[in-house]
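Subject: The structure we talked about

Hi,

Here is the model to open alongside your sequence. Please have a look at it first, then read on below.

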Amino acid sequence: FQELSGGRPTVPITRFREFFGKIMPKVSDETVELFIRQYLVNGDEVDHERMLESLMCGVEEERDRQLQAAQEEVRSLKRCLSRHPLEFTVGQYNILAGYMGNNMEPWFLYGIDMPPERRKQIFKLHGERKADGKPANAGWPNYVKGILTPEEIQKVEEEHEKHFAWETRKERLLDVIEDMDADVLSLVECDHYEDHFKPALE
């Protein structure tokens, strides 16, 4: 405005119309005239100093109004929370550590008939030791040979690949955890936090 007015407190109305049309081309001529009319001096000059002062007052009033509305909203929220106890849900899930997810362990062996007496025989072979203290039947399927048939051994291995192998079940675990929709989550035996759960759940 200082450039338009040449340092004077007023701007010729024709120059002001041109300027207003450039910065707000979509505003109708009628609206421009109504706006200008408030600040006319001597009929053909616009008092830009009074106009800017008025606009700044309007901006400050709007800012104060919005601030008051925000403060009232915060007070209302505080009153609401004070009347109701804070509630949240806690979820805990034992995901079975990746290195422990092995259906060929004697305490699993899912997929075949396993009555207590049969499992007891397997645990006995699994725990046998040689004279030097080393396992007598180390490694799968040595500790089930003579108890499980070759077909049963194969079935146990198939169940492992379908349900126990980490690459098979890691995405299923995420589905279960997300369905829990817990505010606080505890994962037991979580040995793949940094490389799997953290990036997937963040």
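What follows is a short tour of what turned up, from the core to the backbone.

A word on conventions first. This is a predicted model, in which local features need pLDDT of at least 70 and side-chain atom pairs count only at pLDDT 80 or more, while totals for chains, interfaces and linings use all residues. Residues are numbered from 1 along each chain as its sequence is written, and side-chain values use heavy atoms, with hydrogens and water left out.

**The nonpolar cores**

In soluble globular proteins, nonpolar side chains tend to be buried together. Here the largest nonpolar core has twelve residues: M104, L109, I112, M114, I122, L125, Y143, V144, I147, L148, I153 and V156. (Such a core is a set of buried Ala, Val, Leu, Ile, Met, Phe, Trp, Tyr and Cys residues joined through side-chain atoms within 4.5 Å; buried means under 20% relative accessible area, exposed over 50%, and partly exposed in between, with a 1.4 Å probe and protein chains only.) Helices α5 (116–127) and α6 (150–164) each contribute at least two residues to this core. (Helices, H or I of at least four residues, and strands, E of at least two, are DSSP runs numbered from the N terminus.) A separate core of ten residues includes V11, F20, V32 and I36.

I122 belongs to helix α5 and is buried, at 0% relative accessibility. Leaving out residues up to four places away in sequence, I122 touches P106, L109, M114, Y143, V144, I147 and L148.

**Aromatic rings**

A pair of aromatic rings is described by the distance of the centres and the angle of the planes. There are five aromatic pairs in the structure. (Rings of Phe, Tyr and Trp, the last by its six-membered ring, pair if their centres lie within 6.5 Å; planes under 30 degrees apart are stacked, over 60 edge-to-face, and the rest tilted.) Y110 and F164 form a stacked pair, because their ring centres are 5.9 Å apart and their planes at 25°. This pair bridges 54 residues of sequence, from Y110 in the loop between β4 (90–94) and α5 to F164 in helix α6. Y110 is partly exposed at 47% relative accessibility, whereas F164 is buried, with 11%. Ring pairs also bring F108 into a cluster with Y110 and F164.

N103 sits in the loop between β4 and α5 and counts as buried, at 0% relative accessibility. Not counting residues up to four places away, N103 touches F108, L109, Y110, V156, E159, H160 and F164.

Most residues other than glycine have a negative phi, and most peptide bonds are trans.

- W140 and P141 are joined by a cis peptide bond, with omega about 0°; P141 is in the loop between α5 and α6.
- L109 has a positive phi, near 60°. L109 lies in the loop between β4 and α5 and is buried, at 1% relative accessible area.
- D181, also not a glycine, has a positive phi of about 50°. D181 is in the loop between α7 and β5 and is exposed, at 63% relative accessible area.

Happy browsing, and write back with any questions!

Notes. Contact means heavy atoms within 4.5 Å.
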